[in-house]
Amino acid sequence: MFVRGHWEVENRAHYVRDVTYDEDRSQVRTGSAPQVMATMRNTAISLLRMAGWTNIKQATEKLSRRVGEILNLLLGT
């Protein structure tokens, strides 16, 4: 059961960060910047999931130029 839970987290968070946000090729490597960027990516993924999106890549592409909708997600409206 624990192993299944681990892989669910791996698939839902890390996989999305690696594939959708191409995190493995990030050149942010010094100081606390890598942790800050990971937190920002996790926040974005969580907000999109809470808004009902299941395909994070599709949501990111759709909302990338819609600042108003992004602000609505951040403000919870």
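Helices (H or I, at least four residues) and strands (E, at least two) are DSSP runs, numbered from the N terminus.

The model shown is a predicted one, in which local features need pLDDT of at least 70, side-chain atom pairs count only at pLDDT 80 or more, and totals for chains, interfaces and linings use all residues. Residues are numbered from 1 along each chain as its sequence is written, and side-chain values use heavy atoms, with hydrogens and water left out.

I shall begin with the pocket. On a 1 Å grid over the protein atoms alone, a pocket is an open set of points where a 1.4 Å probe fits, with protein on both sides within 12 Å along at least five of seven lines; lining residues have an atom within 4 Å of a point. Grid points are joined across faces, edges and corners, and a volume is the space filled by probe spheres set on the points. The largest pocket has a volume of about 360 Å³. Its lining consists of 15 residues, and those nearest the centre are Tyr 21, Met 40, Ala 44, Leu 48 and Ile 70.

For classes, Ala, Val, Leu, Ile, Met, Phe, Trp, Tyr, Cys and Pro count as nonpolar, Asp, Glu, Lys and Arg as charged, and the others, Gly among them, as polar. On that basis the lining has eleven nonpolar, three polar and one charged residues.

Let us turn to the core. Buried means under 20% relative accessible area, exposed over 50%, and partly exposed in between, with a 1.4 Å probe and protein chains only. A nonpolar core is a set of buried Ala, Val, Leu, Ile, Met, Phe, Trp, Tyr and Cys residues joined through side-chain atoms within 4.5 Å. The largest such core has six residues: Val 16, Ile 45, Leu 48, Ile 56, Ala 59 and Leu 63. The largest share, three residues, is that of H3. In soluble globular proteins, nonpolar side chains tend to be buried together.

Leu 63 deserves a separate word. This residue is found in helix H3, and it counts as buried because its relative accessibility is 6%. Taking contact as heavy atoms within 4.5 Å, and not counting residues up to four places away in sequence, Leu 63 touches Leu 48, Trp 53, Glu 69, Ile 70 and Leu 73. Between Leu 63 and Leu 48 there are 15 residues of separation in sequence and 9.9 Å in space, C-alpha to C-alpha.

My last topic is charge. A salt bridge is a side-chain nitrogen of Lys or Arg within 4 Å of a carboxyl oxygen of Asp or Glu. The count by this rule is four. In one of them, Glu 23 pairs with Arg 17, the closest N and O atoms being 3.0 Å apart. Glu 23 also meets Arg 41 in a salt bridge, at 3.0 Å from N to O. This pair links distant parts of the chain, 18 residues apart: Arg 41 lies in helix H2, and Glu 23 in the loop between helix H1 (2-19) and H2.

Is Glu 23 buried or exposed? Glu 23 is buried, because its relative accessible area is 16%. Arg 41 is likewise buried, at 12% relative accessibility. Elsewhere, Glu 69 and Arg 66 form a salt bridge at 3.5 Å, N to O. Glu 69 counts as partly exposed, at 37% relative accessibility.
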